[in-house]
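Trainee: Please take one part of this model for a close look, and then follow it into the rest in one connected account. Give the cut-offs for each term as you go.

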Amino acid sequence: MKLRYFLLTLFLFLSVTPLLLFQAWPHSEVLEGELDEVHERHLLLARNLAAALERYYRDLVTTFDLLLDTPETWSDAKTMLRVLDNLSFRHVCIADWETGRVTLTLASASAPCPKVIPQAEFERLKSLVTPEGVAFGPVVETPDGENVLHMVKRSGDSLAVGAVKTTYFRELGEAISFGVRGHAAIVDNHGRALSHPLADWVATRKDMSMISAVQRMLARETGVEIFYSPALKGDMIAGFTYVHPVGWGVMIPQPIAELQQKADDARRSAVIVLVIGVASALALALLVSLRVVRPIEQITRASSRIAGGEMSLPEVQGSSRFLPIEFNELSKRFREMVLRLRENMSTINALAYQDLVTGLGNRTYLHQQLSGAISEGQRGTLLLIDLDGFKSVNDMYGHDVGDKVLEAVGERLCTVLGVRKLADYENDELKQGPSTAFLHPLVTRLGGDEFAIWLPSEDHAQISGLAADIVERIREPIIVYGTQTVIGASVGLAQYPEHGSDRSSLMKAADLAMYDAKKAGKDRFVAYSPALMTAILDERKLGGEIKAGLQSGQFIPHFQPQFRLPDRTVTGVEALVRWNHPERGLLAPPDFLETVKELNLLADIDALMLDRSVAQLRELCENGVSVPALAVNLSEERLSSPEFLESLRTLGDLPFDLRFELVETMALDTVDEQLANILEEVRQAGCSLDLDDFGVANASVLGLMNIQPAHIKIDRNLICGIQEGNIFERMVGSIIGMGHSLGIPLIAEGADRLEQVERLAALNCDFAQGYALAMPMGIEELGVFLKNQPQPD
Ligand code: C2E
Ligand code: CA
Ligand code: CA
């Protein structure tokens, strides 16, 4: 989850939780709380009011009784009237019990008593009388329209009547008001309104006894009641009580809707507070996400880009005083880190692409650049250069000199092409990437003594010119630490896209061309051609076949007889390898021996030849054919293999002499102790050594002295040129003379015409071998041939 969303969710949660809790909180409790409060408050008010009314009642009764007990005071009307007025008396009178005639009166002029109380009214008043004392009647209207309460008492033959105005009740009721429609209601002992917020009800003395709370008051109960108010058209709650002992009711009602309103108001306030809370939390979250999350996000984005290998600087905001110090510090350090990383990376890159010996680009660099060039469709030519003779420079003078030579070669290549070494470029130039680099010639070292050049050109003449220049420049002597060395270069060329449609096939094509240059004699350049590929493929096929042939015994010996001169008696046979190819028939060494050498199988061929030729000739001897000697060719590879001497020991006694022909091209001039030992052991095993192909390679008398061969074989290239008196004849003559002077007999090989045999005999050559005398032949043919030879005397 993104930090931004995480924070937003967190803030939302924090702000919404109270809202949810509030929502879950039972709201009816608010109302209940209010009702509870009403219980206590309203009941208390009602009681207080009742207490006040009770005092008023007692004042009324006391004053009334006092007046009845002291009729003499009635004459001082002025004082008494003031007292009565204070207590809201309208008047007080005493009437005859029988007639209703008023006998005594105390009243103001404005509210006089009648002379005689009307019959019906008098009867009603008399009915109110109780034996206990003063009694109060219900509220009634006087003829002049005023509401009064009558208090009555019988005293002897008279009825005392007091008319009390309801003013005090009204004032008391109005004094109690709360809320919008909260008020006190007071009823008389019959349930008629004495005080009520509806003035109408008071004026008409509304009978409220149908209200349950009023009924309970009249039943002299105290408590709280919820009821429907027809006056206010709604549910009310009221605390109520009664006035002892008269039985007036006092009630403090309040509309429940008003309480509901109050609870709703409280809830609304809470909701408003919560909404404000949520809004501020959101605003805060937004602020935090902008101020705090953004830098973190930027750094995160930059980090993932860096992880993806892109070393661009993050667009992290600079320091801001609105950000926490830690964030400013983090951004700053992060930028520093990226800068340092970038610096390190470019150094590493530079090193990763550089060859440390020459300062040229390395193989990785070439690969990268080539891939870049190819992906952009850039046409060009790849040159692979392999140094000739570098290995011996290294062996002879050591690696320090070798490295210097490589460095010099790198510099010469750069000079020929007119470019700089990779090490001479600034890091920034390299960072521009391959798109600019591969537009120029590119010189790299692949490793060892191999170099590669990418030329963004297809111009044959130009390329051939450059390749020739390269070969020529490298051939020039290189002087290192005062030592002069000379090396050469074999160069292979391949063009993109003609010779290879991708990097690796292009490299392979150039490599084949280079290989061909080496094979063709080194120190030259060869351009790749499809024919080359065919040849290479053929060679590869040949290699496979040779290996298979070795396994299945397709390689067999043929034998060419050697003759003594001048009598031409057979003195031995040379075993020559033949390949009995399943499709191509019998093949001679020129068809396959080069490949055998490249496959490092020459020693195997030699071993096979020794085994087979010895076995075949042994069988021939057992069949009664006499074989004077067997000559077997011995390659350097076989000679230096440990199994060679071992194989000699297992040969056992042979019915013929065994000779080994050593090729003169072996470095016999400097026969080391190891080689000398081997040669000695060969002699110890009873075999002799002949020196083969003498006269064409680095013929040296020193070599001759070193190995002291049993015979010297004069190379057939000298023999085939012999004509009477020519240079070849003189040359061969002097070789024979030299051999004889060292006491070594000579064998001339390759004599394909009889005149040559005769000339050789005339030159005192000891032995001859050649087509003129006998062709190489299979074992059966040889058996026949030897049987037909005249036996030596
Ligand atoms: P080499 O050792 O000099 O063998 C003599 C070569 O001269 C043979 O060729 C032989 O057939 C050929 N030759 C003989 N008389 C004449 C002639 O009158 N005119 C001409 N033009 N050639 C003649 P081959 O059999 O083709 O062998 C070629 C070379 O292959 C041999 O030269 C030898 O160096 C190598 N070779 C042959 N067999 C073996 C072997 O078993 N082991 C090794 N290491 N090399 C072998
Ligand atoms: Ca030979
Ligand atoms: Ca030879």
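Mentor: The sulfur of cysteine 621 has its closest cysteine sulfur in cysteine 687, 15 Å away, which is too far for a bond. A disulfide here is a pair of cysteine sulfur atoms within 2.5 Å. Cysteine 621 counts as buried, with a relative accessibility of 17%; buried means under 20% relative accessible area, exposed means over 50%, and partly exposed lies in between, using a 1.4 Å probe and protein chains only. Cysteine 765 is also in no disulfide, since the nearest cysteine sulfur, in cysteine 720, is 15 Å away. Cysteine 765 is buried at 3% relative accessibility. A search over the whole structure returns zero disulfides.

Some conventions first. This is a predicted model, in which local features need pLDDT of at least 70 and side-chain atom pairs count only at pLDDT 80 or more, while totals for chains, interfaces and linings use all residues. Residues are numbered from 1 along each chain as its sequence is written, chains are lettered from A and ligands numbered from 1 in the order in which they are written, and side-chain values use heavy atoms, with hydrogens and water left out.

Next, the metal sites. Donors are N, O and S atoms within 2.8 Å of the metal, or 3.2 Å for Na, K and Ca; water is not among the atoms, so sites may look incomplete. The calcium ion (ligand 2) is coordinated at 2.0 to 2.4 Å by Glu574 (OE), Asn633 (OD1), Glu661 (OE) and Asp692 (OD). The sequence spacing of its donor residues is E-x58-N-x27-E-x30-D. Helices (H or I, at least four residues) and strands (E, at least two) are DSSP runs, numbered from the N terminus. Asparagine 633 is partly exposed, with a relative accessible area of 24%, and aspartate 692 is buried, at 5%.

Aspartate 692 coordinates both the calcium ion (ligand 2) and the calcium ion (ligand 3), which are 3.9 Å apart. Aspartate 693 is partly exposed, with a relative accessible area of 22%.

Elsewhere, strand β18 (residues 488–496) is mostly covered, with nine of its nine residues buried. Gly488, Ser490, Gly492, Ala494 and Tyr496 point one way from β18, while Ala489, Val491, Leu493 and Gln495 point the other way. Two strands pair if DSSP finds at least two bridges between them. Strand β13 (residues 380–388) is joined to β18 by nine bridges and the two run antiparallel; leucine 384 stands opposite glycine 492 in β18. Strand β19 (residues 524–527) pairs with β18 in the parallel sense over four bridges, and serine 490 has arginine 524 of β19 as its bridge partner.

An open sheet of five strands has the order β9-β8-β12-β11-β10, paired antiparallel. Its edge strands, β9 (193–195) and β10 (223–229), each pair on one side only. From one strand to the next the twist averages 35 degrees. Between β10 and strand β11 (residues 234–243) there are seven bridges, and the strands run antiparallel; glycine 223 has phenylalanine 240 in β11 as its bridge partner.

Contact means heavy atoms within 4.5 Å, and axes are lines fitted to C-alpha atoms, for helices over the stretch in contact, with angles from 0 to 180 degrees between N-to-C directions. Helix α5 (residues 167–175) lies across β8 (185–187), β9 and β12 (248–255), at about 65 degrees to β9. Helix α8 (residues 256–307) lies across β10, β11 and β12, at about 40 degrees to β12.

Last, a helix pair. The axes of helix α11 (residues 390–397) and helix α12 (residues 399–417) come within 7 Å and cross at roughly 145 degrees. The contact is made by Phe390, Val393, Asn394 and Tyr397 of α11 with His399, Val401, Gly402, Val405 and Leu406 of α12. By class, that contact has six nonpolar, three polar and no charged residues; Ala, Val, Leu, Ile, Met, Phe, Trp, Tyr, Cys and Pro count as nonpolar, Asp, Glu, Lys and Arg as charged, and the others, Gly among them, as polar.
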